[in-house]
Amino acid sequence: MITSNKLNRRSFLKVSALAGGGLILSFNWLAGCKPEEIEEFGLPKEWFRLNGYIKIGENGLITIMSPNPEGGQNVKTSMPLIVAEELDADWKNVVVEQAPLDTDNFTRQFIGGSQAIRIGWIPLRTAGATARQLLINAASQEWNVPAAEITTESGYLIHQASNKRAHYGKMASLAATLPLPENVELKDISEFKLIGKSHKNVETKNIITGKPLFGIDYKKPGMLIAMIIHPPAHGMKLKSFDDSAAKNLPGIKGIFEFKSLQDDYSRTFFDTVSFTDLIAIVGNSTWQVLQAKKAISAEWEPIQSYEEKRDQFGNPTTRIVPAGLESEESQRVKMEAAAKSPRTFRKDGNPEQAFQNAAQVIERTYEAPFLSHNCMEPMNFFAHVQGDKVNCAGPLQKPELTEQALSQRLGIPVENIEIEMTRLGGGYGRRSYAHWLVEAAVISQKMNAPIKLIYTREDDMSGGIYRSRYHANYRAALDENNQLIGFHVIAGGLPENPLYPDRFPAGAVDNYWAEGWEVPSNLTTGSFRAPRSNFMAAVEQSFLDEVAEAAGKDPIDFRLELLKKAKTNPVGERNDYDPERYAGVLELVKSKSNWGQTPAGISRGVSAYFCHNSYAAQVVDLKVENGEVQIDKVFNAIDCGLVVNPDAAKNLCEGAVVDGIGTALFGELKFNQGIPDRMNFDQYRMIRSKEAPKEIETHFVESQEDPTGLGEPAYPPVFAALANALYQATGKRFYNQPFIQELNG
Amino acid sequence: MAQFNLNVNGKTQQVDVDPSTPLLWVLRDHLDLVGTKFGCGIAQCGACTIHLNGTAVRSCQLPVSAAEGAQITTIEGLSENGDHPVQQAWMEHDVPQCGYCQAGQIMTAAALLQQNPNPSDEEIENAMNGNICRCGTYLRIKAAVKTASQKL
């Protein structure tokens, strides 16, 4: 395979001075190799940079930069592993370093959409292969033999005919001066030595010894601690405040009102923020600032409806943000009204006719509440604004996009902004909306000092950016032979419409109709692990279970029948899934779970979904005793193409299952007069050790397809596999999340 | 403000802070021991778990004034080289995802095994139930505690 070379060797203009001596390297050797192997490659005296991703020490030690932020998806191991594969490096002699934000040298430094491995697949391999070719070219020159006769193996260059052998470090200084090869050859999948085998997380040792990896751990000399106060209710704004009891408390350096984003600023997609007028409290230590925060009394007033400018990926738009303090009931009234006049997104055949002719019609309605992301590491960021230069560091998912907002707000060009990416103590979408970075920088500018902004748990949970509140109505038409002849979905939300009109079972039903609606709100919502899919999978796959039952069919066979039709005789042309791969995960979960032979005393449910380019099917085995759910086992069948790092991939799928079950059972946030009813973990129920499944088995479809995402795909379907198993256990269908209420009610 | 002599990870250190300051913030802000994490501030999540005379406690709810004279152990002092049996088991099972809660999980697990070297599955679940892992690594945590108990 030949690929053109788009890499450049520009040194890192933005290599962060902040990193300085505090840089924590992630060594693979520490992840359990023999001590004698460590001896050979200590830290080198000098590094030679071959391209943006790779530098090699004179002693053969290799540093590979990990381009993307790491928040638990294990990209800091898997992405460098892909580079190392094509470099033909010995993984135990590779050190991984977090790259700074540097869009010249790296592509798509994002966490989001489960795309890191899929989009990085070719660029990462090319980076490795290019460096390998440079080393070969250097050896060719040094040994005076043709480059084509030189082979590589585990960090060594070999010329068999002349019996020459040297580790990469010996050729690195020369290689760094050679012209970049025009084209490089990538390995055939059959040649992979590292990819496809399990490799330990390069950061585990640092994590379990408490190293300062996270943004909240960040520290600089002279750094002050900052906190904010935002309105208690969505739909309110700051009127005035009294800091007389706070400003003279020990350690307090400043209390002031400030604006994060300006009113006329045209917000990009990820500039969502609920409150822009805030009170800042700055002081020497966290506890002192917390005391002062409590001693401030503020008055709030309702907002007026206003127009918000939006830059929708280059298209300027506006939206009206309504006034009002929303409550559970007022939202319900608005949602019911909106659901009566949906817009058609897709219509195949003649659904009205199909429903008229049906022998049986099944109709069900589903609801899901707002959710809070609840990353374990509260929102935080370090910022130091000095004149027209900005240094900042912390956890965020989309640094490139936040940079724009920061530049606009401070009036400082993007080139003068350095963002160091620390590890994220969880993201799940929440850290895509980095208003706290802008807030930190504005506070630093005002204080003329380095500051670290920290949100309390309550600030985070009550501050906005939630998963939207959703609603869906489904109808299915069966003919007298129990064939599905019509399918109709009307989905909507406040404020977001969750509909994916072209997903399964679109394409598998002759008469198909998808409609959607939304209700404007002043509540701020955003991406939440597998956005929209996390609702649509939950309800669609619950509904199909009921339709299968009504048709007298096995739920897996029923789905397979539909997928067969989607493959052999598809309806429409925009069906955004591959029916064969979709059926593949169902077949796999069927065989691995011994479907049809449910263990005694166990109830089971199945579900499958396709999102973020990967397919997932699940079977949940559970018992319900005295109103308590005990999940005995969950089977995962996943098709994400070639699996780069299998054990890490399994970890991610296990986590998605636990997260999905917890959210389906317990996750909920409601509003009363704009005030969220949950502010901390004493109120917001998170899944805990005892409630997690006793066992999770994860199986991957063997595949040579290019790898696709895994952070999200295993999450959405498990909601429905759980609901369908709960039905088998209790005889009750679960239409409204969180299920725990209907279970106990 | 008042002076306190704290015995942290075998060393005596002096801090000058308000007596109401939770030990969590003394460790993080004043002693540069940031391995102990802030998660909720109300003893609900377990991210701030440390050992006080060998017992697992929530440092976000422990005023510094109550910690004087006690032996305080944080994740940084659990072992010299990160090789406590619990830490080794965490490596073996490659437990962490984001990793933020793991120091608290490890401190809870180490205290459990100190008091009960051979816990049953149920005893492990009960002991670990106060520590939230948002990424959902509970199964690996349980497996790692089991492995550590077998090595003790």
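**Chat on chains A and B**

Modeller: In this predicted model, the centres of domain 1 and domain 2 of chain B, taken over C-alpha atoms, are separated by 21 Å.

Biologist: Which residues of chain B make up each domain?

Modeller: The domain assignment puts 2-77 in domain 1 and 85-151 in domain 2. In the contact, domain 1 of chain B contributes 17 residues and domain 2 of chain B contributes 13 residues.

Biologist: Where does B:His84 sit?

Modeller: In a loop of chain B.

Biologist: Is B:His84 buried or exposed?

Modeller: B:His84 is buried, because its relative accessible area is 18% and the cut-off for buried is under 20%.

Biologist: And what does B:His84 touch?

Modeller: Leaving aside residues up to four places away in sequence, B:His84 touches B:Leu78, B:Ser79 and B:Ala110.

Biologist: Switching to chain A. How many helices and strands?

Modeller: Chain A has 17 helices and 33 strands.

Biologist: How does the radius of gyration of chain A fit with a compact globule?

Modeller: It agrees. A compact globule of 745 residues would come out near 27 Å, and chain A has 28 Å. The C-alpha trace of chain A spans about 80 × 70 × 50 Å along its principal axes.

Biologist: What share of chain A is buried?

Modeller: 64% of the 745 residues. As for surface, chain A exposes about 26,900 Å². Carbon and sulfur atoms supply 47% of that area.

Biologist: Which ones are buried?

Modeller: A:Thr286, A:Trp287, A:Gln288, A:Val289, A:Leu290, A:Ala292 and A:Lys293.

Biologist: What do those buried residues of H6(A) pack against?

Modeller: Elements from both chains. On chain A, they pack against strands S11 (224-229), S13 (252-259), S15 (277-283) and S24 (451-454), plus helix H11 (457-462). Chain B supplies helix H1 (23-30).

Conventions: Residues numbered from 1 in each chain as written. Chains lettered and ligands numbered in written order. Predicted model: local features only at pLDDT ≥ 70, side-chain atom pairs only at ≥ 80, totals over all residues. Heavy atoms only, no water. Helix = DSSP H or I, 4+ residues; strand = E, 2+ residues; numbered from the N terminus. Rg over C-alpha atoms; globule rule 2.2 N^0.38 Å. Buried < 20%, exposed > 50% of the residue type's maximum accessible area, 1.4 Å probe, protein only. Areas by Shrake-Rupley, 256 points an atom, 1.4 Å probe, with all protein chains shown as cover. Domains from an automatic or database assignment. Contact = heavy atoms within 4.5 Å.
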